[in-house]
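Hello,

My notes on what was found in it follow below.

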Amino acid sequence: MALCGAYSCAMKIDVHTHAFHPKIADKVLDQLDHHYHIGMTGTGRADDLIQRLDKGAIDKAVVLCAATAPSQVIPANNWAIQLKKEEPRFIPFGTMHPDFDNIEEEFDRLEQNGITGLKFHPDFQGFRMDDPRFRKVMEIAGDRFIMLFHVGDTLPPEENPSCPIKMAKLRDDFPDPIMIAAHFGGYRQWDLAVEHLADRDVFVDTSSSIDFLSDEQCKRIFDKFDREHILFGSDYPLWDPQTEMDKLRKRLGFSDSEMEDLLSAGSVLFAD
């Protein structure tokens with residue numbers, strides 16, 4: 001499993017984290033715990049995330065949010081803009097809901113404030129990846145933002161709002177933007193992710209997966225996907241970055257240089 005070492009001196013980035021406004025952090029963590037039933041590792045607050053980045057010697061973190069209703073778009077994006085201004089180690093992503101009015105104007109506002117990415121969580125936001133409403137959002141966004149998608153769940157693909165099959169179709173229909181499919185391309189649908197995404201120009205992140213993958217599935221993912229398209233993501237506050245790094249190292253038998261390459265792969269996308 002030798003890697004090229006091309007990123008060994010680049011920034012180390014966790015491409016999948018969350019940090020919530022202090023007024024809502026406790027409420028959001030309760031909701032996440034109720035949905036996933038795994039217990040939260042962190043507080044979901046910016047200062048706790050920074051401490052964990054320090055512990056893992058990680059330079060920067062992509063901080064994600066997803067508005068589950070149109071009314072949440074402006075407050076969530078305001079928080080992303082605030083983080084962009086106040087914390088240089090964060091790369092905050094904005095959000096959009098298909099039923100939001102004035103999508104174009106909000107995308108303009110995000111760009112003007114230095115926000116370079118968008119997070120979409122079809123399962124939580126109440127739309128399907130093949131929903132015409134969402135495809136309109138994609139058309140408006142064009143290639144202005146890096147786009148990170150939650151993909152996969154325990155539902156069968158035909159019932160699931162997001163899945164590797166829908167993600168592949170989205171990539172084919174919208175070839176211009178950079179796309180990241182979270183959870184190795186499809187949470188609990190990793191065989192489909194390899195089948196439908198490994199030969200497409202789709203980045204995947206390692207978040208919320210390593211505990212649930214078999215050794216065979218894990219090896220197959222790293223064999224089939226181009227290594228430069230696999231990005232480290234912890235899904236903090238569900239998981240701790242350092243702990244996830246240790247799990248990956250142990251499961252894959254990675255050397256120090258191989259782990260550095262994994263952590264630094266995202267620097268190509270998020271260079272200053």
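Subject: sheet, helix packing and salt bridges

Six strands make up an open sheet, in the order S4-S5-S6-S7-S8-S9, and their pairing is parallel. Please keep in mind that this is a predicted model. The edges of the sheet are strand S4 (94-95) and strand S9 (230-231). Each of these two has a single partner strand, so one side of each is left without a neighbour in the sheet. Strands of a sheet pair through backbone hydrogen bonds, either parallel or antiparallel.

One pair inside that order can be given in detail. Strand S6 (residues 146-149) runs parallel to strand S7 (residues 179-181), and three bridges join them. Met 147 has Met 179 of S7 opposite.

Next, the helices. Helix H4 (residues 103-112) packs against helix H6 (residues 132-141), with an angle of about 45° and axes 10 Å apart. Roughly parallel would require an angle under 35 degrees, and roughly perpendicular one of 65 to 115, so H4 is oblique to H6. The crossing of H4 past H6 is right-handed. On the H4 side the residues involved are Ile 103, Glu 104 and Phe 107, and on the H6 side they are Val 137, Ile 140 and Ala 141. Sorted by class, this contact of H4 with H6 holds five nonpolar residues, one charged residue and no polar ones.

H4 also packs with H3, at an angle of about 10° and with the axes 10 Å apart. That angle makes H3 roughly parallel to H4. H3 contributes Val 73, Ile 74, Asn 77, Asn 78 and Ile 81 to the contact, while H4 contributes Glu 106, Arg 109 and Leu 110. By class, there are four nonpolar, two polar and two charged residues in the contact of H3 with H4.

Last, the charged pairs. Side chains of opposite charge can pair when their charged atoms come close. How many salt bridges does a search of the whole structure find? The count is 21. Asp 54 belongs to helix H2 (residues 46-55), whereas Arg 89 sits in the loop between helix H3 (73-86) and strand S3 (90-92). The pair therefore ties together parts that are 35 residues apart in sequence.

Regards

Notes
Residues numbered from 1 in each chain as written. Predicted model: local features only at pLDDT ≥ 70, side-chain atom pairs only at ≥ 80, totals over all residues. Heavy atoms only, no water. Axes fitted to C-alpha atoms, helices over the stretch in contact; angles between N-to-C directions. Helix = DSSP H or I, 4+ residues; strand = E, 2+ residues; numbered from the N terminus. Parallel < 35°, antiparallel > 145°, perpendicular 65-115°, else oblique. Left-handed = near helix turned anticlockwise from the far one by under 90°. Contact = heavy atoms within 4.5 Å. Nonpolar A, V, L, I, M, F, W, Y, C, P; charged D, E, K, R; others polar. Pairing = 2+ DSSP bridges. Salt bridge = Lys/Arg side-chain N within 4 Å of Asp/Glu carboxyl O.
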